[in-house]
Amino acid sequence: MKQGAARSDYLDWLAQALAATEAFAPLPDGDAVVGYATGYDAADIAPFVTSLRAVFDGSVALVVDRDADLRAFLAQHDVMAVDAPVWRGWAPHPVMQRFVAFAGLLGDRPGVALACDVRDVIFQAPPFEPAPQGLEAFVEADGPLVDHAFNMKYLRALFGQAQADRMADKSCLCVGTLVGPRAEVSRLSRLILTLASAPRSEIGGAFGADQAAFNLAIHQGLVAATVRGNYGRVATLGLTPGERLRFEDGQVVNPDGGISPIVHQHDRHPHLDAPVHARWGAGLEHRKRVRPKSAGQKLEKLKASLRRRMPELR
């Protein structure tokens, strides 16, 4: 490395990542849904796939592991199975890696896109009706960012206390559902990857960095986007009191009695999760959101936590 050059594991990975976006074959022109589902099997993602195919017949691509049963399930539902990139050396959490795939699969092509979480998302109506006119960002919960400790923690970690304070009164946006023209979702994905390179590697590559980078990109006007309230095109339910939600006539019903086309985080509420799986689980095992961790997984989590607290020479 030349004298004076900045160095971090994240920056080294980012160079690979931006090159990898060009290695993906973009999906055919037209509307598309993309997700990142490594670490899951068919039982985990069945509600996403079966509910989506009930309302959408366009291109769908999921980045998944090399699991033969899973890939057979996806083929049965005309969903493209995509191999995850293979990285040299250090790599960030999958919540950051996914933006490489989103950027590459969507490309600079005509059509609109949804780039979203997979395990905790279902569909109740066509996701692109009405058609988005530009990039849309969706409010996650009532109250400003300052009311949400997790989001503030990573805003401070990535961008510093002063920047976090500047954004404290802004709405809390969820990075788990991105909607808009394919080229704009692709561009936002690359921007999120780049913004996360500002701090130490173990912060920029952590679960939560994606949320902080996304909120900063939207609220600081680094991309043009319309902020949509909760319970419109998207219902994000994780922070909604369960008594305000119900499952009725085969659908999740919002607090105002409306039905959202895209439902996110339904599995935070057992009285929704069970009937959702009964309808959309394709007869496969009902998987719980929180699973026991192995000793190895606990050790890796502890090591990652320690690394985030150590200085990085740059």
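In helix 9, the buried residues are Ala209, Asp210, Gln211, Ala212, Ala213, Phe214, Asn215, Leu216, Ala217, Ile218 and His219. The model is predicted. Helix 9 spans residues 209-219, and eleven of its eleven residues are buried, so the helix is largely enclosed by the rest of the structure. Just after helix 9 comes glycine 221, with a positive phi of about 70°.

Phenylalanine 214 belongs to this helix. Beyond residues up to four places away in sequence, Phe214 touches Ala137, Leu173, Cys174, Val175, Leu178, Leu188 and Ile192. Three of these contacts fall in strand 7, which covers residues 171-181; they include Leu173, Cys174 and Val175.

Seven strands form an open sheet in the order 3-2-1-4-7-6-8, and the pairing is mixed. Strand 3 and strand 8 stand at the edges; each has a single partner strand, so one side of each is left without a neighbour in the sheet. From one strand to the next, the twist averages 30°. Alanine 113 has glycine 180, in strand 7, as its bridge partner. Helix 2, residues 42-53, lies across strand 1 (32-36), strand 2 (59-64) and strand 4. Relative to strand 2, helix 2 runs at about 170°.

Aspartate 120 sits in the loop between strand 4 (112-116) and strand 5 (121-123). Is this residue buried or exposed? Its relative accessible area is 3%, so Asp120 counts as buried, the cut-off being under 20%. The side chain of aspartate 120 makes a polar contact of 3.4 Å with that of histidine 264. With neighbours within four places in sequence set aside, Asp120 is in contact with Val263, His264, Gln265, His266, Asp267 and Arg268.

Several loops hold backbone features of note. Aspartate 78 lies in the loop between helix 3 (68-76) and strand 3 (80-83). Phi of Asp78 is near 55°, a positive value in a residue other than glycine. Asp78 has a relative accessible area of 58% and is therefore exposed, the threshold being over 50%. Tyrosine 231 is not a glycine either, yet its phi is positive, at about 70°. Tyr231 is placed in the loop between strand 8 (226-228) and strand 9 (234-236). A cis peptide bond joins glutamate 129 and proline 130, with omega about 0°. Proline 130 is in the loop between strand 5 and strand 6 (136-144).

Key: Residues are numbered from 1 along each chain as its sequence is written. This is a predicted model: local features need pLDDT of at least 70, side-chain atom pairs count only at pLDDT 80 or more; totals for chains, interfaces and linings use all residues. Side-chain values use heavy atoms; hydrogens and water are left out. Helices (H or I, at least four residues) and strands (E, at least two) are DSSP runs, numbered from the N terminus. Buried means under 20% relative accessible area, exposed over 50%, partly exposed in between (1.4 Å probe, protein chains only). A polar contact is a pair of N or O atoms within 3.5 Å; within protein, one must be able to donate a hydrogen and the other to accept it, and residues adjacent in sequence count only if both atoms are side-chain atoms. Contact means heavy atoms within 4.5 Å. Two strands pair if DSSP finds at least two bridges between them. Axes are lines fitted to C-alpha atoms, for helices over the stretch in contact, and angles run from 0 to 180 degrees between N-to-C directions.
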